[in-house]
Amino acid sequence: MAADDTQSQQLSALESIFRQPDAVMEPNIFDTLCQYVAAHGQPRTAIELLCENYVGYPQMGTLVCDWLAATEGYVQSGEGQTAGTAAAGVDTELTASHFLRDVVKEDFDPDRFISVFEARNSSQLAWLDDLKADAAGRQLIYQLSATHRSCLVLNFAIQKILRAGFEDEVASVGSSLAGYFGVFHRLMASRLKQVPTARSMERLQAIASELQDSCCGAEHSCAHALQLLHLLGRHKHGANFRRLAQQLEQYAAA
């Protein structure tokens, strides 16, 4: 009896997936179908549910982007064109990506993610992995971070980007990320580690410019950087750190 109840619950859970809009478009839908059949579900039921709940949101989005591009000429021609847009010389994927980024930037609400961290359930943010792996997705995170400087989910996203090895890319964003102290401190520590091995004035000046750009966006970040530089400058081989501290003080006072 317990086995029947377990099987019934499994079938019900899988059928709830089939009832989701455009479930048939999901990348792992074939695996879900195999699980359903293995649990003695009826293939016809699965097919009917998938057909009934097909909406076509991706195709609608592509069509709308085609219309916008055709009427506004918003995106220039490029590679990867589909048959529907080749004649107009429009990259559909680029167009869709551009308008989706605009929608996200306009409607983004940091408060919607507070419950995720209160429940300590970061698995709800698994979609960040796909965003992190995409160059345009990372740029969107940087742009949102410049506007929402105290957002926990964006801080979490940038930390994931750093751990994925995009430290130089994050550093190139500059002072707009200085509001995230954990990100700022990690980038600054990485730059300070390069100071003892800087063999030329050109490299040392490049580090100085990076520190000035990232540290002078806020008083607390500048004060923290100067404190560390002065501390490191006390070492008998700390001449480069003392020089960086002097340059940072002059830049901040200018």
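Helix axes are taken here as lines fitted to C-alpha atoms, for helices over the stretch in contact, and the angles between N-to-C directions run from 0 to 180 degrees. In the predicted model, the axes of helix 12 and helix 13 cross at roughly 165° and come within 10 Å. Angles over 145 degrees count as roughly antiparallel, and helix 12 and helix 13 are therefore roughly antiparallel to each other. The crossing of helix 12 with helix 13 is left-handed. On the side of helix 12, the contact is formed by Phe 184, Met 188, Arg 191, Leu 192 and Gln 194. Helix 13 contributes Arg 203, Ile 207, Glu 210, Leu 211, Ser 214 and Cys 215.

Both of these helices also take part in covering helix 14. The cover over the buried residues of helix 14 includes helix 12 (181–194), helix 13 (201–215) and helix 15 (239–253). The buried residues in question are Ser 221, Cys 222, His 224, Ala 225, Leu 226, Leu 229 and Gly 233. Helix 14 itself comprises 15 residues, 219–233. The distance from its first C-alpha to its last is 21 Å, close to the 21 Å expected at 1.5 Å a residue.

Helix 9 makes the contact through Arg 138, Ile 141, Tyr 142, Leu 144 and Ser 145, and helix 10 through Leu 154, Ala 157, Ile 158 and Ile 161.

Elsewhere in the chain, Gly 41 lies in the loop between helix 2 (29–38) and helix 3 (43–52). Residues under 20% relative accessible area count as buried; Gly 41, at 8%, is therefore buried. Apart from neighbours within four places in sequence, Gly 41 is in contact with Leu 11 and Tyr 36. Its C-alpha atom is separated by 9.3 Å from that of Ser 8, which lies 33 residues away along the chain.

Of its 254 residues, 33% count as buried. The accessible surface of the chain comes to about 15500 Å², and 54% of that surface belongs to carbon and sulfur atoms. Among contacts with a separation of 6 or more, 58% are between residues 24 or more positions apart.

Note on methods. Residues are numbered from 1 along each chain as its sequence is written. This is a predicted model: local features need pLDDT of at least 70, side-chain atom pairs count only at pLDDT 80 or more; totals for chains, interfaces and linings use all residues. Side-chain values use heavy atoms; hydrogens and water are left out. Buried means under 20% relative accessible area, exposed over 50%, partly exposed in between (1.4 Å probe, protein chains only). Contact means heavy atoms within 4.5 Å. Accessible areas come from the Shrake-Rupley method with a 1.4 Å probe; for residues, only the protein chains shown count as cover. Helices (H or I, at least four residues) and strands (E, at least two) are DSSP runs, numbered from the N terminus. The expected span of a helix is 1.5 Å times one less than its number of residues. Angles under 35 degrees count as roughly parallel, over 145 as roughly antiparallel, 65 to 115 as roughly perpendicular and the rest as oblique. A crossing is left-handed if the near helix is turned anticlockwise from the far one by less than a right angle, and right-handed if clockwise.
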